[in-house]
Amino acid sequence: MGYFINYDSMETVLDEIKKKYIIYAPKSLGNAGGMQKKVIRYGEINSIKDVVYDQVSDFSPKEVFYPIVQPLIYFREGTYIESELEIEKDFLIFARPCDICGIERLDQIFLHNGGQADNFYQRYREKVKFAMIECDGGWDTCFCASMKTNKTDNYSIAVKFEDNGLKVQVKDDAFKDYFSDGKQVDYKPEFVTANTKTVRIPKIEGPSQVSQIIASDFWKQFDEKCIGCGGCNTVCISCSCFDTVDVIYNETSMDGERRRVWSSCMLKSFTVMAGGHGVRPTAGERMRFKTMHKIYDYKKRFDTQGHMCVGCGRCEIRCSKDIHFSEVIDGLYTEVERLNAEAENREVKADE
């Protein structure tokens, strides 16, 4: 069922929704942190005018339900208690199809990985419903169509922003009453079918080829290009890496808390073990790990149709060294084709 709601009426609708939900959307934070351009980040909104729908957000919506810093347990005098989620309201998040697909990747990691759901993630995630923002063509950094994340049906409502109001499709019965006074229209969201950027996904044939990819000189170019800042992981909707940190409240006490804190597989320190040995000491090795995780390991592990990367392009915008992850994937495609050609040549020579 579809409705048209003008902006004034939508304010009334949001006021009603806010009685049960905290509403999050991409919003302008101004020139935060001395940035030259305005920062667009997910935050709580009070008006539909707060929603920035015509620009790509600098950060993803994952921090709404996967906090950057999250207390897990509190310990005191030899005992501990688990942290509690004290937020009573549910969350309604305005998000684009690629981000919703990315959140499904996070769900796979935290809820269906190893047979035991992550309780700290799950209790937030169960509160989340989506208001899908219809994309109007995307931006020049997007490659969602190549990653097949340009479409989703995982939303409660879909919205299309127009000059004088919104078209709304309601899928979830829990939201029908909010829009019942709106003008009924025939509206179904349209999805991006192609981006200006196209990425070729390498088809990797089993463990033997993975070994060849690991040994490839392709990754050495990133030893100098990448500075290992981890900014790409911070803005990525599907990155899930974290560190666990114990914080002692003061130096004369054993009281404190254990926190989960976002981290990055691109940081040199991320895989350093006791004794100081680093599993992936070079930037190229870390880029290899991230790339393979995004376009091979995740899909193979969970036997899914989709890859972990959703093609949102935020990492390309964020990278201070102008590394385009779409070009990394595409470059690996070319490298795999080269490896395949060499293997075919060896077979031909062996037959001769």
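Trainee: Why are α9 and α11 called roughly perpendicular to each other?

Mentor: In this predicted model, where local features need pLDDT of at least 70, side-chain atom pairs count only at pLDDT 80 or more, and totals for chains, interfaces and linings use all residues, helix α9 (residues 283-302) and helix α11 (residues 325-351) pack at an angle of about 80 degrees. Angles of 65 to 115 degrees count as roughly perpendicular, and α9 and α11 are therefore given that name. Residues are numbered from 1 along each chain as its sequence is written, and side-chain values use heavy atoms, with hydrogens and water left out.

Trainee: Which residues make the contact between α9 and α11?

Mentor: With contact meaning heavy atoms within 4.5 Å, M287, K290, T291, M292, K294 and I295 of α9 meet F325, V328, I329 and L332 of α11.

Trainee: What makes β3 and β10 edge strands of the sheet?

Mentor: Two strands pair if DSSP finds at least two bridges between them, and β3 (40-44) and β10 (183-185) each have a single partner strand, so one side of each is left without a neighbour in the sheet. The order is β3-β2-β6-β7-β8-β9-β1-β10, an open sheet with mixed pairing.

Trainee: How do you know that β6 and β7 pair, and in which sense?

Mentor: Strand β6 (residues 90-95) and strand β7 (residues 128-133) are joined by five bridges, in the parallel sense, and the pairing criterion asks for at least two. Within this part of the sheet, F91 stands opposite V128 in β7.

Definitions and conventions. Axes are lines fitted to C-alpha atoms, for helices over the stretch in contact, and angles run from 0 to 180 degrees between N-to-C directions. Helices (H or I, at least four residues) and strands (E, at least two) are DSSP runs, numbered from the N terminus. Angles under 35 degrees count as roughly parallel, over 145 as roughly antiparallel, 65 to 115 as roughly perpendicular and the rest as oblique.
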